[in-house]
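Please open the structure in your viewer and keep the sequence panel beside it.

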Amino acid sequence: MAEARPPRPKVGLVLPGGGARAAYQAGVLQAISELLPPDAASPFPIVSGVSAGAINATLIAAHALHFRRGAQELAGVWEHIRSDLVFRTDAGTMFKNVMSWLMALLHAGFARRNVIALLDNTPLRKLLERHIIFARLQEAIDAGALDALSLTCSGYTSARAVCFYKGKPGLKAWHRTRRIGQPAELRLDHVMASVALPVIFPAVRLGREYYGDGSLRQTAPLSPAVHLGADRILVIGVRNEQANKLPEPGEEVPYPSPGQVAGYLMDMVFSDNLYADLERLQRINNTVRELVAASGPSPSLKVIDTLVIVPSEDMREIAQRHVQEFPRSVRMLLRILGGARKSGSQLASYLLFEGGFCRELLELGRKDALAQADKLLAFLGAARAPTGKEPALS
């Protein structure tokens, strides 16, 4: 009698925010799809995204029945992205928005209505309307290929992170300090709210309040995947974790420009809570192991393993090679903020929605994933595609 195989682990996919850097996530997912059989369903029954990661999460979840097709479409979106497909880059709109902000700062109450945002991201909504079919989420849930998709937004009135999720029957909402999970019929407004970085993109009204970028209040980025039933969590980060080099003794250090400070703040918002939560989960896992070793297995205790993939190269340096791809109007704005210089490359790397930069990140993500193909497949509990050929590294 053949020995029964253990059930496949329920792997959650967590995609944090990162602006244009999220192209890296698409490259990693494309590589994973190449490692699996062409007709395989998604290896991620639970998908959680925030900010730009919410875009990737929604498109991948909507293709849960045909994972490779979804990964290829997602990579295609990023491969052909341009700034004017994300926000209006014409000089008139940019000048009007910048002047509105300046006047609002210099003279409170100048305008009869609130200044909405620095950038108009109406083109992004139109782009996503062409690529995301929300009806496919229910189809994937009904077929058993998807347990849940969650998108996190930050409520401006309630001052809490709200994880809106759509999933199979039986999932329970949760309430924690300044963060909740609640079921919802997900639509494009949820995605647009999750990417609405304050000041830069306009907030979106959902129900009784306006919401902005979910990274702002998401103090526990792994929490949605855990609450929705994940046994393991794959995190695709967007920050190289090598420490920054300090100035040499006696080296002149210029005062931080507004662009450098803005890039620093975006880096903190998108990544710091994620790594703090990973450390917290590791401590909990160690405690659970000790309890199980002392008292035996318990149905209420389980270790949730994680695998984190991060860029092997510094995205700021990659952005420096492509900064001239920005439209002229955006380059002028960055120059005013000090974001066009090397010290401001961190800000540029989050806003560089241009093909050359994003294609390089796609290939970097693909390369980094294929470099640890065996580890990834073992973590996913998946078998390699039966082709006998390793996907080629470009």
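**Before starting**

This is a predicted model, in which local features need pLDDT of at least 70 and side-chain atom pairs count only at pLDDT 80 or more, while totals for chains, interfaces and linings use all residues. Residues are numbered from 1 along each chain as its sequence is written, and side-chain values use heavy atoms, with hydrogens and water left out.

**Stop 1**

Select residues 52-62, which form helix 2. Helices here are DSSP runs of H or I with at least four residues, strands are runs of E with at least two, and both are numbered from the N terminus. How many of the residues of helix 2 are buried? Eleven of its eleven residues are buried, among them Ala 52, Ile 55, Asn 56 and Leu 59. Buried means under 20% relative accessible area, exposed means over 50%, and partly exposed lies in between, with a 1.4 Å probe and protein chains only.

Next, select Ser 51, in the loop between strand 2 (46-50) and helix 2. Its phi is near 55 degrees, a positive value in a residue other than glycine. Ser 51 is buried, with a relative accessible area of 4%.

**Stop 2: the largest cavity**

Select Gly 19, Ala 52, Ile 55, Leu 124 and Phe 353, which are the closest to the centre of the largest cavity among the 25 residues that line it. A cavity is a set of points, on a 1 Å grid over the protein atoms alone, where a 1.4 Å probe fits but cannot get out; a pocket is an open set with protein on both sides within 12 Å along at least five of seven lines; lining residues have an atom within 4 Å of a point. The largest cavity holds about 260 Å³ of space. Such a volume is the space filled by probe spheres set on the points, which are joined across faces, edges and corners. At least two lining residues come from each of helix 2, helix 3 (67-79), helix 5 (122-131), helix 9 and helix 12. By class, the lining has 20 nonpolar residues, four polar and one charged. Ala, Val, Leu, Ile, Met, Phe, Trp, Tyr, Cys and Pro count as nonpolar, Asp, Glu, Lys and Arg as charged, and the others, Gly among them, as polar.

**Stop 3: the second largest cavity**

Select some of its lining residues, including Thr 152, Cys 163, Trp 174 and Gln 218. Strand 4 gives the most to this lining, with three residues.

**Stop 4: the largest pocket**

Select Asn 244, Lys 245, Gln 260, Arg 316 and Gln 346, which lie nearest the centre of the largest pocket, out of 33 lining residues. This pocket has a volume of about 1400 Å³. Which element supplies the largest share of its lining? Helix 9 does, with six residues. The lining has ten nonpolar, nine polar and 14 charged residues.

**Stop 5: the nonpolar cores**

In soluble globular proteins, nonpolar side chains tend to be buried together. A nonpolar core is a set of buried Ala, Val, Leu, Ile, Met, Phe, Trp, Tyr and Cys residues joined through side-chain atoms within 4.5 Å. Select Leu 29, Ile 32, Phe 44, Trp 78 and Leu 234, which touch the most other members of the largest core, a set of 97 residues. Beyond its neighbours within four places in sequence, Ile 32 is in contact (heavy atoms within 4.5 Å) with residues including Phe 67, Leu 234 and Leu 376. A second, separate core of 17 residues includes Ile 46 and Ala 148.

**Stop 6**

Select Cys 163 and Cys 153, whose sulfurs are 8.9 Å apart. A disulfide requires two cysteine sulfur atoms within 2.5 Å, and the whole structure has zero disulfides. Cys 163 is buried, at 3% relative accessible area.

**Stop 7: two further loop residues**

Select Ser 42, in the loop between helix 1 (23-35) and strand 2. Its C-alpha atom is 6.7 Å from that of Ala 145, although the two are 103 residues apart along the chain. Ser 42 is buried, at 11% relative accessibility.

Finally, select Val 199, in the loop between helix 7 (188-194) and strand 7 (204-206). Its phi is near 75 degrees, a positive value in a residue other than glycine. Is Val 199 buried or partly exposed? At 44% relative accessibility, Val 199 counts as partly exposed.
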